[in-house]
Amino acid sequence: MNLRNVFIPALAVVLLAGMARAADTHTAASAWQELQNFSMPTPPLDWQTNSPTQEQLGKFDDQEEAAALAQADRARQFYLAFPQDTNTTQARLMEIEALQEAVHFGATNRSDELDLREQTAVDDTHVPETTRYQLRLDQIGRELQAAKDSGADMNATLEQAGRELVREFPDGPAGYEILDELAMNGDLLKMFDLAKVMAGSGGPPELTGLGTNLLNQIKVVGKPLPVRFTAADGREINPTTLSNKVVLVDFWASWCPPCVASIPGLKKLYEQYHTNGLEIVGINFDDDTNAAEKCIAVNQMPWPQYFGGYGADNPYGRQYGDTLPYVWLVDKKGIVQDIHGRVDTEAKIEKLLAE
C-alpha cells in the first residue's frame with residue numbers, strides 16, 4: 001500500500017475542514033458585528049424646535065416597531081445559524097430586548113413569542129441569574145397589567161406573583177416586597193401564611209428577615225406590650241405608667257412619606273380621645289435625631305418618643321421589622337390586641353376605650 005497516497009487525501013480533508021471552520025468563524029464574526037451595530041431610529045432634528053404632530057409621532061413609532069422587529073429576527077437568525085458560537089446566549093437576549101421594544105411600540109401580535117423567548121431564557125441556567133430575574137420581572141409586570149385590565153382580583157394575582165418570585169428567585173427582593181405589603185394589610189391568618197413563605201424561602205437574611213419579623217409581631221398579639229424606655233422628653237414608658245390606658249404605638253420615621261402623612265390623623269385621634277384614656281407612643285427610626293425632633297416640633301406631636309435609629313441599632317426594629325409605618329393597639333390591661341392598627345383605627349380605639 002502506498003502510504004503517501006493515503007496520507008495526502010487525509011491531509012486534504014483536515015485542511016478543508018479547517019478552512020470551513022475558519023469561514024464559519026468569519027461569517028459568525030461578521031454577523032455578530034452587524035447585530036452590535038444596530039441602533040434604533042432617531043427622531044428628526046427639527047422636532048427639537050417644531051413639535052411633531054400626532055400623525056408624525058405615530059409614523060415614527062411604526063418605524064421603531066419595524067426596526068425592533070428586524071433586529072429581533074436578525075438576532076434569532078444568528079443563534080440558529082451559529083448555535084455553538086460564544087455569543088449565542090447574548091444574541092438570544094438581544095432578540096428578547098428587541099421584541100420588548102417592538103411590543104412596546106405596538107407589535108402585540110408578537111407578545112406570545114416574547115413570552116416564549118423570555119421563559120426559555122428564564123429557564124436557561126447559562127443566562128446570568130440577574131438577567132433571568134429581570135426577565136421574570138418583565139413577565140410578571142405584563143401578567144399583572146393584563147389581570148388589572150381584565151378586572152381580576154388584584155390581591156390574589158399579586159399574591160400568586162409574589163409567591164412565584166420568592167420560590168423561583170429567593171435572592172431577589174421583589175417577591176418579598178409584594179408579600180410583605182399584602183401581609184401588612186391582611187388579617188392575622190394571611191399575615192402568618194405569607195410570613196412563613198418569606199421566612200422559609202432560603203434567601204438571604206435581609207429578605208427572610210421580613211418574614212421572621214412579621215412572625216415576631218404576630219407573637220406579640222395577646223401578650224403584654226414589650227415596649228419600655230425613657231422618652232426623649234424624660235417620660236418613663238412602661239406597664240405602670242401606661243396602666244389603665246389604651247395605647248397606640250406608632251412605628252415611624254421622618255423620612256417615611258406614609259408615616260408623615262399619617263401624623264395629622266394621629267393628632268386628631270390624640271386630641272379627641274386623650275382625655276378619655278388614649279395614649280400614643282412613638283417608636284422613631286431616624287438615624288438623624290435632629291430630623292426627627294424637627295418633624296415632631298413642626299407637627300406639634302405631644303406624645304412621648306423613643307429615638308432608636310434605623311436597622312440593627314433599634315431593638316424594636318431588629319425584633320419586629322423596619323418596614324414602616326406600622327401601628328399596634330394595646331388595651332387598658334397592657335395587652336397588645338391589634339398589630340394592624342392603621343386600619344379602622346378610630347373604631348378600634350373606641351371599642352378598646354369602652355371595655
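## Salt bridges

A search of the whole structure turns up 18 salt bridges, a salt bridge being a side-chain nitrogen of Lys or Arg within 4 Å of a carboxyl oxygen of Asp or Glu. This is a predicted model, in which local features need pLDDT of at least 70 and side-chain atom pairs count only at pLDDT 80 or more, while totals for chains, interfaces and linings use all residues. Residues are numbered from 1 along each chain as its sequence is written, and side-chain values use heavy atoms, with hydrogens and water left out.

Start with Arg-142 and Glu-118, whose side chains meet in a salt bridge at 2.7 Å, N to O. Arg-142 sits in helix α5 (residues 129-149) and Glu-118 in helix α4 (residues 111-122), so the pair ties together parts that are 24 residues apart in sequence; helices here are DSSP runs of H or I with at least four residues, strands are E runs of at least two, and both are numbered from the N terminus. Glu-118 is buried, with a relative accessible area of 0%, whereas Arg-142 is partly exposed at 25% (buried means under 20% relative accessible area, exposed over 50%, partly exposed in between, with a 1.4 Å probe and protein chains only).

Next, Asp-338 pairs with Lys-348, their closest N and O atoms being 2.9 Å apart. Strand β7 (residues 336-338) holds Asp-338 and helix α14 (residues 345-354) holds Lys-348, so this bridge ties together parts 10 residues apart in sequence. Finally, Arg-235 bridges to Asp-233 at 2.7 Å between the closest N and O atoms.

## A network

Which residues are linked in a network of salt bridges? They are Asp-73, Glu-95, Arg-110, Glu-113 and Arg-117.
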